[in-house]
Amino acid sequence: MMICWMIKHMIIIRKYIFKALAIFLMLFCAFTFTVNVEATGEEITITLTNGASIRQTPNCQGLKFNANINSTDGVTEHGFYVALEEHTIEDMTLAINSSAEIVGSNKLIKKPIISGADDLDFNLIIVNFPIDEEAYCNQITVIAYAVVGEVTILSASVTTRSIGDVAMNMQQSGETGDYLDKICAIIPIKHISFETDEGFVHNQSYSSTYVAKQHGPENEQWDIVEGSVSKTNAIAGELSIQLRDYLTNTNFDSITAYAVMDYTIDNVSYVKFDAKNCRSKTVQRYYVKVSYSVDDGKTWQNEEVFDELNNSVKTWTYVISDDIALDNVKIRFDIIDPVDDVNRTENCQLIIDDIKFYTLSPIE
Ligand SMILES: [Ca+2]
């Protein structure tokens, strides 16, 4: 008992020691910082300004970050630290102050900016983004820095943006341009992967009867008949929608398995989704029919059967409209059984995941 008490309290005491050490180091750094800055005769501050913007060059978009320094007196170097993905000011500061080359799991890159001696505004333009969704959705975090003597001064905030976020914001605030359309056309306005952190709960009970089971977060649910959000054979992340057709069970003969949105999305012109079934052969496999409704499911339009579906995961594109984006859109996935029931010897699965909604027509 006593030993346990001692170990427990030793840990607590060690914690206090570390805490005290950390506070001491912080005070020490702050003290050093003040001395050096005051030595320049003026307090240097550096600020990130104006979020981020897109700079268009022929055939290429750049993501531009801006910063301002209040004085260049005694400043020997200034610029930005850059890392992929979102990072907090605390994590960026800690990594920079410890001369780390990594923040989180991303490389931390120092990018000095060469500008005129009296230039108080400076910027960083990141170019050569591959024209694809992943690159456009990649978040980039920057923090501005200036070196005064031995001290590195950092901006009090970080900016995290993706080229897609910035393009969407620019377009929504009324800016126009082909390059904005091209970027926005490949950025999904909504991405559903049916994962736990999106509010979905998996359930391996597929044989729901005529009443659809609801899956997903409040106000963004999916109704599924003869299927479920399932972890079995998921094709993206941990969970996917899985539809089945219980052909051998006469209770379900008249039902076709389907999944349908129980809510609507505005400003949609096309949808991408990943899907596979469980057979490589032409017979005994399911296809998927996709359709959309803008009248709350009373009528379903533009039915398209994806009959190339097989047992390898592919991304499919379902176009709702070539020229305009529609409001109040819900979409629906139905199993299509291409062969006569009597030819089927076993049940099969249709798996759907990573449904993405886009607001502009696909641009080839
Ligand atoms: Ca998923």
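**Sheet first, then helices**

I traced an open sheet of six strands, ordered β12-β13-β16-β21-β18-β19, with antiparallel pairing. Strands here are DSSP E runs of at least two residues, helices are H or I runs of at least four, and both are numbered from the N terminus. Two strands pair if DSSP finds at least two bridges between them. At the edges I found β12 (213-215) and β19 (301-306), each pairing on one side only. From one strand to the next the twist averages 20°.

A note on the source: this is a predicted model, where local features need pLDDT of at least 70, side-chain atom pairs count only at pLDDT 80 or more, and totals for chains, interfaces and linings use all residues. Residues are numbered from 1 along each chain as its sequence is written.

Gln 214 stands opposite Asp 223 in β13.

Then the helices. I looked up α4 (residues 163-172) and α5 (residues 178-185), which pack at about 125° with axes 9 Å apart. Axes are lines fitted to C-alpha atoms, for helices over the stretch in contact, and angles run from 0 to 180 degrees between N-to-C directions.

Which residues of α4 meet α5? I listed Ile 163, Gly 164, Ala 167, Met 168, Met 170 and Gln 171 in α4, against Leu 180, Ile 183 and Cys 184 in α5; contact means C-beta atoms, placed from the backbone, within 7 Å.

How values were computed: Contact = placed C-beta atoms within 7 Å.
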